[in-house]
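Subject: Structure for your review

Dear colleague,

Please find below the sequence and structure that I am handing over to you. My notes on what was found follow directly after.

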Amino acid sequence: MSIVVTGATGQLGRLVIDELQGRVPADRVAAVVRDADKAADLADRGVELRIADYSSPQTLKAAFHPGDTVLLISSNDLHGRVAQHTAVIDAAKEAGVARLAYTGVLGGPEADFLLASAHRETEELILASGVPYTFLRNGWYTENYTGQLATVLEHGAVVGSARDGRIASAARQDYAAAAAAVLAGDGHENTAYELSGDTAWSLAEYAAEVARQTGREVVYTDLPAEDFRAVLTGSGMPAEFAEIFADVDDAISRGRLAVTTGDLARLIGRPTTPFTVTVAEALKV
């Protein structure tokens, strides 16, 4: 019986495996990957590789074994996400896994923004499968913002349409540590965790922090949703994705990503990483 991480060569998947290797022997960890070459470093560390693809259901049949504990890391394919998740859930059920953990979104069934719809549907599919579950309802990663620092500094502005809404984000490493704790621990069956940072901040506060750390002028420019969508499409983003990102900012303005439950800090046994620290780390790169 193994702890199996799907999407293991992605940004979150690699961090989860790192965290697991600090908790359990390497030979208890299996990584589901599409390309063995991209996961060669994991194999070198003693992690078992299982080659499968979310989009090829037939390959998933050998990805899971009876008694495995599986982490389904949500697909980044916004069009095929639900179909891909369905294939994983079906394969896990057929294999007789002991538990299926899933990285959803903060708010679960109450999350009412576009990006959350596939997560809500996936949770419903897992519940209908009858497989014991753990729902890891992740809030926003601070890296969603710090990953755009080059553009922010180029223009001296953080642009959005979130108004004065607040974001209880945490570092990706925090969410990975929580996933590892749930996968390697006991007592998490049929439980949902609302995971978010300890402190919520606004985009204006984020811009001010970037300015403080860089010594450069950076301001938050709040736009009407239509104008924000136009900025995104003008930068080359497809219209459908611009609609989703603008809708996220609307959700932020309504407080949907400001929830601070404390679940994340309790699972990882320490305070979550302040956004100021993640900004500092990103500026070093």
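**Charged pairs and their surroundings**

With a relative accessible area of 11%, Arg 137 is buried. Please keep in mind throughout that this is a predicted model. The partner of Arg 137 in a salt bridge is Glu 194, and their closest N and O atoms are 2.8 Å apart. This pair links distant parts of the chain, since Arg 137 belongs to strand E6 (residues 133-138) and Glu 194 to strand E9 (residues 191-195), 57 residues apart. Glu 194 is buried as well, its relative accessible area being 18%.

As background, side chains of opposite charge can pair when their charged atoms come close. How many salt bridges does a search of the whole structure find? The search finds 16. Two further examples are described next.

In one of these salt bridges, the side chains of Arg 14 and Asp 41 meet at 2.7 Å, N to O. Arg 14 lies in helix H1 (residues 11-21) and Asp 41 in helix H2 (residues 40-44), so this pair ties together parts that are 27 residues apart in sequence.

Another salt bridge brings together the side chains of Arg 256 and Asp 112, at 3.2 Å from N to O. Here too the pair links distant parts of the chain, 144 residues apart. Arg 256 sits in the loop between helix H11 (239-253) and helix H12 (263-268), while Asp 112 sits in the loop between strand E5 (99-105) and helix H5 (117-129). Arg 256 is partly exposed, with a relative accessible area of 32%, and Asp 112 is partly exposed, with 40%.

**Two residues of helix H8**

Arg 172 is found in helix H8, which covers residues 172-184. Which side chain of opposite charge is nearest to Arg 172? That side chain is Glu 143, 4.4 Å away. A salt bridge requires the side-chain nitrogen and the carboxyl oxygen to be within 4 Å, and Arg 172, although buried, has no salt bridge. Leaving aside neighbours within four places in sequence, Arg 172 is in contact with Gln 11, Leu 12, Leu 15, Tyr 141 and Glu 143.

Ala 177 also lies in helix H8. Ala 177 counts as buried because its relative accessibility is 4%, and the cut-off for buried is under 20%. Which residues does Ala 177 touch, not counting those up to four places away in sequence? They are Glu 19, Arg 23 and Ile 268.

With kind regards

Key. Residues are numbered from 1 along each chain as its sequence is written. This is a predicted model: local features need pLDDT of at least 70, side-chain atom pairs count only at pLDDT 80 or more; totals for chains, interfaces and linings use all residues. Side-chain values use heavy atoms; hydrogens and water are left out. Helices (H or I, at least four residues) and strands (E, at least two) are DSSP runs, numbered from the N terminus. Buried means under 20% relative accessible area, exposed over 50%, partly exposed in between (1.4 Å probe, protein chains only). Lys and Arg count as positive and Asp and Glu as negative; His and the chain ends are not counted. Contact means heavy atoms within 4.5 Å.
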